[in-house]
Amino acid sequence: MRFHLADTLNFLRKLTLPRIWNAAKVLASYYLSRWLKRPIQWGVPVTVSIEPTTACNLRCPECPSGLRAFTRPTGNLRVDFFRRAIDELGPRLSFLIFYFQGEPYINPRFLEMVQYAHKRGLYTITSTNGHFLDEENARKTVESGLDRLIISVDGTTQEVYENYRKGGNLEAVLQGARNVVAIKRKLNSRKPHLIFQFLVVRPNEHQIPEIYRLAQEIGVDEVKLKTAQVYDYENGNPLIPLEERYARYRRLPDGTYRVKNRLLNHCWKLWHSCVITWDGRVAPCCFDKDVAHELGDLKSQPFADIWQGPPYQAFRRKLLKGRSRIDICTNCTEGCKVWA
């Protein structure tokens, strides 16, 4: 794995003593919970994913936003609510992810919220499909103080790209990346750390070498290959890569598929992170797309009461007893290892 010194140092500079102490408490309580097989939770999350919007301009086939398939309400994160949440969580939070479902740049006040978090010393990350990075938004993004910008580029030709990114325009995405690189150079800024994220599926797996070449040509800092979650995988799926190292699923001798990872009865995500939707609902992790396992409502409860409250502890207890009994865990290959 390539070491990105500037990005690492930028993150480390934001680690205050309260944030380091909080992370240590969270880590200790996680291992103690695994050992005792009962939920113990010290500290507050190390990281939170907050949802700027549920709206999206694309129609990707394995995404609830793209499919317009939510059962929960849709809308945009409000600035006043966001500020209250960050004022409560910020002092001990190590980094903040502006993403859950939807395209963040659709929220017209998204970058204003990034700037607010930046002023409070938080390391900030967002993930975008890249269609809104015109010259003006590229400049505002760099000036906002955003630390990491992930752009989804799931193909190196339009024909392959639009196989998954339905309704997308690859050249617009690449031009958006060029705009960000140009503004960074103009303003002599190393931020945001720019990543091309390549979601590996069968139609694009042959283009993996090309995405590295393209990223280098544009001036992107890093390429990350991501395995794809698919919902109907048991009998195979045309999105599952042929090369198994790029797939979350393993083909069995009888022709069916199963998730590669064993479902261990613990999950780091339940101790160090959570998701907050645009309307303040708290979900255990990013696999709960529809917030079927709502653990609290930040509009009416302080976060500390939710994090230590009976619903959260009951969910952790259930997970420690049998992760395979929780629906959102059965198609999950994340959260099993610390810092995974």
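The legends below describe close-up views of a predicted model.

View 1. Nine strands form an open sheet with mixed pairing, in the order β6-β5-β4-β3-β2-β1-β9-β10-β11. Its edges are β6 (222-227) and β11 (296-297), each of which pairs on one side only. Strands of a sheet pair through backbone hydrogen bonds, either parallel or antiparallel. Between β4 (residues 148-152) and β5 (residues 193-200) there are five bridges, and these two strands run parallel. Within this pair, Ile150 stands opposite Ile195 of β5.

**View 2. Strand β1 between β2 and β9.** In the sheet order, β1 has β2 on one side and β9 on the other. Strand β1 (residues 47-50) is parallel to β9, with four bridges between them. Four bridges also join β1 to β2 (residues 95-98), again in the parallel sense. Val48 can be followed across both pairings: Leu96 stands opposite in β2, and Cys274 is the bridge partner in β9.

View 3. The pairing of β9 with β10 is antiparallel and has two bridges. Ile276 has Val282 of β10 as its bridge partner. Four residues lie between the strands of this hairpin, and Gly280 takes a positive phi near 95°.

**View 4. Helix α12 and the elements it packs against.** Helix α12 (residues 310-321) has twelve residues and reaches 16 Å from its first C-alpha to its last, close to the 16 Å expected at 1.5 Å a residue. Its buried residues are Tyr312, Gln313, Phe315, Arg316, Leu319 and Leu320. Seen down the axis of α12, these buried residues fall within an arc of 160°, so they line one face of the helix. Pro310 and Lys321, on the other side of α12, are exposed. The buried residues pack against α2 (17-36), α10 (269-272), β9 (273-276), β10 (281-283) and α11 (303-307).

**View 5. Charged side chains over aromatic rings.** Arg316, one of the buried residues of α12, lies over the face of Trp271 at 5.8 Å from the ring centre.

View 6. Twelve aromatic pairs are found in a search of the whole structure. Among them, Tyr105 and Phe110 are edge-to-face, with 5.0 Å centre to centre and 70° between the planes. The pair counts as edge-to-face because the angle of 70° between its planes is over 60 degrees. Tyr105 has a relative accessible area of 8% and is buried; Phe110 is also buried, with a relative accessible area of 1%. Both residues belong to one aromatic cluster, formed by Phe82, Phe98, Tyr105, Phe110 and Tyr116.

Methods: Residues are numbered from 1 along each chain as its sequence is written. This is a predicted model: local features need pLDDT of at least 70, side-chain atom pairs count only at pLDDT 80 or more; totals for chains, interfaces and linings use all residues. Side-chain values use heavy atoms; hydrogens and water are left out. The expected span of a helix is 1.5 Å times one less than its number of residues. Buried means under 20% relative accessible area, exposed over 50%, partly exposed in between (1.4 Å probe, protein chains only). The arc is that of the directions from the helix axis to the C-beta atoms. Contact means heavy atoms within 4.5 Å. Two strands pair if DSSP finds at least two bridges between them. Rings of Phe, Tyr and Trp (its six-membered ring) pair if their centres lie within 6.5 Å; planes under 30 degrees apart count as stacked, over 60 as edge-to-face and the rest as tilted. A charge sits over a ring if NZ of Lys or CZ of Arg is within 6 Å of the ring centre and within 35 degrees of the ring normal.
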